[in-house]
Every structure is written in C-alpha cells, then in structure tokens.
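Could you walk me through this structure? I'm new to it and would like a plain tour of how its parts sit together.

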Amino acid sequence: MNYNWNWHIFFEPNPTGAGTYLDMLVSGLLLTIKTALLAWVIALIFGTIIGILRSLPSKTASWIGFAYVEFFRNMPLLVQLFLWFFVLPELLPRAAGLWMKQLPNAPFWTAAIGVGLFMSARVAVQLAAGIASLPRGQKQAATALGLTTGQGYRYVLLPIAFRIILPPLTSEFLNTIKNTSVAITIGLIELTGQARAMQEFSFQVFEAFTAATVMYLAINIVVVTGMRFLERSLAIPGYIAGK
Amino acid sequence: MFDNLDFDVIRRSLPYLFLDGMSFTLMLTGLSALGGLVFGTLIALMRLSSYRLLGSIAGLYVDFMRSLPLVLVIFWFYFLVPYIGQWLTGASRPIRVGAFTSSLVTFIMFEAAYFSEIMRAGIQSISKGQPAAASALGLTYAQSMRYIVLPQAFRNMLPVLLTQTIVLFQDTSLVYVLSIPDFLGAASKVAQRDGRLVEMYLFAAAVYFAISCVASYGVRRLQARIAIVR
C-alpha cells in the first residue's frame with residue numbers, strides 16, 4: 001500500500017488555529033456525546049409516553065401509539081432531519097420560521113430533536129413489548145389494591161418493564177450515539193464530521209478515520225460497561241433480572 | 001402557507017427521480033441484501049464453528065462493525081476500496097472505483113454483520129436433533145448445512161431478514177454524504193437546482209414512507225402466514 005502514514009499528525013496544529021488535530025477530534029467527540037445525551041432524554045420521554053399509550057386498552061390510545069411509531073419508523077433518519085431542518089421552518093408562520101432559522105446552533109438542536117424523536121419510536125416499541133411481557137396479574141393486583149391506572153403504571157408496571165427492557169435499551173442508546181453522525185448532513189460537525197474535516201485539511205485519511213473509530217469503540221465500551229453496572233444495581237433479587 | 005409552493009417541479013423531475021434515483025436505490029438495496037445475506041451466513045457459520053479462532057474472528061468483526069456509525073463506515077470504504085482494489089488486482093496504484101461499486105462494497109460489508117446475527121439466531125433455533133440426524137445419515141457438515149439446517153433457518157428468519165432489508169433500504173439514503181444520486185440524492189439535486197427544498201423533501205419523505213409502509217405490511221402478512229403453517 002503506497003500511502004504515507006503519519007501518526008504524528010494528531011499533534012500538529014490544525015488550520016483553524018485552535019490547538020492540534022487531536023483537539024479537533026476531541027471537540028467532535030464531546031459534541032457527539034452532548035447531542036446523543038439530549039437526544040436520548042427526548043427519546044426516553046416520548047418513547048415512554050407512546051409506549052404506555054400502546055399498552056392501554058383504549059382503542060384510540062393504541063391507535064395514536066401505532067401511528068406515531070409507523071410515522072417515525074418508515075422514513076430514513078436522514079430524510080427526517082431534512083424535514084426538521086429545511087422544510088419545517090418554511091411551513092411555519094413567517095415569524096416562527098425566521099426564528100428557527102436564526103437560532104444559534106440550529107444543527108445541534110435539530111439533530112438532538114430529530115434523532116431523539118426517531119429513536120423514541122424504537123423505545124416505545126421496546127417498552128410496549130416490555131409491558132406486554134408482564135403477567136396479567138400485575139395489573140390486576142394493582143387495580144385490586146385500589147391504585148388508579150396512572151399509579152399502577154408508575155409504581156407497578158413501569159419499574160418492572162424498564163428493568164426487563166434494559167438490555168435492548170442499551171443497544172438503542174448505542175444506536176442513538178451512532179445516529180448522531182447522520183447530522184453531518186445538516187452541518188453538525190460531530191466526531192465523524194471532525195474526522196472528515198481533518199481528512200480534508202491534512203489529507204491523512206486513514207489516521208483521521210482510525211482515530212474516530214477508536215473513539216466510537218471507546219464510547220461503546222464505556223456505555224456497555226456502565227449499563228451492565230446499572231442492570232446489576234437495579235436488579236431485584238429473585239426476580240427477572242435478579243436471577 | 002402553501003401559496004408559494006410549486007408542486008409541478010415534482011412532476012417535471014419524475015423521470016429523473018425514479019429512473020435514475022430510485023433504480024439506483026433499489027439496485028443498491030437488493031444487491032447489498034443478497035451479498036449481506038451470503039457473507040452474513042458465512043460469518044454466522046464461522047461464529048458457530050467448533051474452531052475457537054474462527055469464532056472469535058467472526059465475533060470481533062461483528063462487534064466492530066456494529067459499534068461504528070454507518071456514515072463513518074461509508075467514508076472508510078469510500079477511501080479504502082481503491083486501495084483494496086489495488087491490492088486485489090496487483091495494480092501499481094490505487095484503482096478508480098465508481099460510486100456504485102464503492103457503496104455496494106460498503107453496504108455488503110456493513111450489513112453482513114447485522115445479517116449474520118439474524119442467521120446465527122436462525123441456525124441456533126434449529127433443534128440439535130436435526131444436524132445429529134443428518135450426520136447419522138452420513139451427510140457431511142457441508143451437506144447437512146446446505147440441505148437441512150440453512151433452509152430451515154432461512155425460512156424461520158425470513159420476516160426478520162426482510163425487516164432488516166427495509167432498514168437497509170432506508171439506510172441507503174446515507175450515500176448522500178458522498179453526493180451520489182440515489183433517490184434522496186436526486187431529489188436533493190433538483191431541490192437545490194430549482195430552489196424547491198420544501199416540495200422535493202416532502203415528496204421524498206412521502207415516497208420512502210409509502211414504500212416502507214407497504215413493505216412492512218407485506219412482512220407482517222408473511223409472518224402471519226408462516227406462523228399458521230408451523
């Protein structure tokens with residue numbers, strides 16, 4: 001392979017004048033983490049609401065849940081980001097659209113909200129499955145104890161259902177982190193974006209991508225380890241995950 | 001709010017969008033799914049083989065691919081494929097590779113990791129008695145895989161494989177980052193040329209939505225039918 005390797009490139013100053021190439025990549029890494037965390041909070045909130053709606057006996061509620069999930073699952077994430085970023089501001093009343101376009105950090109907010117809503121559909125499906133996997137007696141016992149539907153979910157169903165779906169939620173969280181890289185198309189310079197920028201400035205393609213790869217692998221390991229720890233500390237002895 | 005929109009731009013660009021764009025997308029989806037399935041099955045067999053080394057190589061590959069974002073993988077292969085081509089053909093310098101070949105290689109290698117996990121689950125779902133009976137009948141490992149295990153594994157996993165293919169269909173839109181005119185790329189080219197972002201992106205979203213909805217409805221029907229047969 002006739003390629004000029006130069007691993008010292010990371011310690012050479014980058015053309016933006018602010019630090020080395022390594023600093024560039026690290027700032028991308030931080031932005032990836034920040035975007036992913038915000039997106040994950042959004043995904044959890046909306047996913048929980050929709051997941052509960054899907055599990056309710058009411059026909060209307062489960063239809064709303066179904067429509068929501070189908071809407072967000074049947075379009076590529078990239079197209080959804082374009083809709084939020086390019087299309088929505090044009091369809092809103094002029095003043096609101098203008099405000100959206102002039103937001104500082106518009107790519108960041110769009111990415112976090114877009115990825116968050118996209119992932120919320122997946123969280124909703126997992127949660128609905130988790131609730132459905134609980135024995136019927138749980139809900140009946142909650143009702144028999146005089147809990148309202150809301151209390152039943154809050155104190156009985158959800159705490160167990162979330163414990164059950166913790167492993168698939170871990171991989172959905174990892175997907176959230178990976179999916180933030182799609183926001184490169186709306187101008188968010190996260191980790192992949194910084195690697196691409198470094199490649200364009202320095203022509204050291206493979207060093208840049210190797211570094212980004214290593215960083216993504218590191219995030220993965222941290223998240224998987226952290227979630228395993230969380231799983232163990234939340235496990236109820238003698239019950240499901242506590243085995 | 002719709003008064004200054006011009007939906008005629010969609011009608012005017014229909015031939016370009018579908019004959020060029022959508023045919024690229026569908027071809028890429030179909031060939032990647034096939035290639036991903038073939039390589040995925042091989043990786044699954046490696047993972048389940050009794051040679052520990054093969055198993056751990058396959059496991060590493062799958063874990064590695066699955067922890068990287070597709071966009072980064074697309075960039076990796078875009079720059080790497082010319083060098084791989086040089087290495088394979090023994091040419092004196094990196095060979096030129098077309099957009100289609102480059103993205104096809106990317107998606108096959110990337111999807112193989114995901115398809116292999118599905119096939120592994122499928123192979124593991126076949127009861128132990130089946131390969132045991134096959135070897136009792138004197139079939140070799142290859143024959144027992146070819147005639148007994150894989151056909152059943154494939155059949156059991158068909159709905160999941162198809163669902164993954166729908167995901168793949170949506171993911172092919174990411175070749176946008178290489179400015180390749182797939183369906184979304186074509187829509188976006190027209191959008192930027194004519195300054196009609198709203199109309200074109202709404203239309204692209206509707207098309208992806210319609211195709212994915214119909215396809216996943218078909219998968220659900222198929223799943224119900226398979227469930228009754230068994």
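## Two helices, then two chains

Let's start with a pair of helices in chain A: α9(A) passes α10(A) in a right-handed crossing. Keep in mind as you look that this is a predicted model. The two helices pack at an angle of about 165 degrees, and their axes are 8 Å apart. An angle over 145 counts as roughly antiparallel, so that's what α9(A) is to α10(A).

Who does the touching? On the α9(A) side you'll find L191(A), T192(A), A195(A), M198(A) and Q199(A). Facing them from α10(A) are V205(A), A208(A), F209(A), A211(A), A212(A), M215(A) and Y216(A). Sorted by class, that contact comes to 10 nonpolar residues, 2 polar ones and no charged ones.

Now for the place where the chains meet. Chain A puts 29 residues into the contact and chain B puts in 30 residues. On chain A's side, the elements giving two or more residues are α3 (77–91), α9 (191–202) and α10 (205–234). By class, chain A's side splits into 18 nonpolar, 7 polar and 4 charged residues.

Leaving out residues up to four places away in sequence, Y201(B) touches V79(A), F82(A), L83(A), F86(A) and V87(A), along with A187(B) and A191(B).

Y201(B) also turns up in the largest nonpolar core, which has 119 residues. Those with the most contacts inside that core are L25(A), A212(A), I74(B), A187(B), Y201(B) and A204(B). Helix α5 of chain A, residues 106–132, supplies the largest share of this core, 14 residues.

Methods. Residues are numbered from 1 along each chain as its sequence is written. Chains are lettered from A and ligands numbered from 1 in the order in which they are written. This is a predicted model: local features need pLDDT of at least 70, side-chain atom pairs count only at pLDDT 80 or more; totals for chains, interfaces and linings use all residues. Two residues are in contact if their C-beta atoms, placed from the backbone, lie within 7 Å. Helices (H or I, at least four residues) and strands (E, at least two) are DSSP runs, numbered from the N terminus. Ala, Val, Leu, Ile, Met, Phe, Trp, Tyr, Cys and Pro count as nonpolar, Asp, Glu, Lys and Arg as charged, and the others, Gly among them, as polar. A nonpolar core is a set of buried Ala, Val, Leu, Ile, Met, Phe, Trp, Tyr and Cys residues joined through C-beta atoms within 7 Å. A residue is buried if 20 or more other C-beta atoms lie within 10 Å of its own, exposed if 12 or fewer, and partly exposed in between; C-beta atoms are placed from the backbone. Axes are lines fitted to C-alpha atoms, for helices over the stretch in contact, and angles run from 0 to 180 degrees between N-to-C directions. Angles under 35 degrees count as roughly parallel, over 145 as roughly antiparallel, 65 to 115 as roughly perpendicular and the rest as oblique. A crossing is left-handed if the near helix is turned anticlockwise from the far one by less than a right angle, and right-handed if clockwise.
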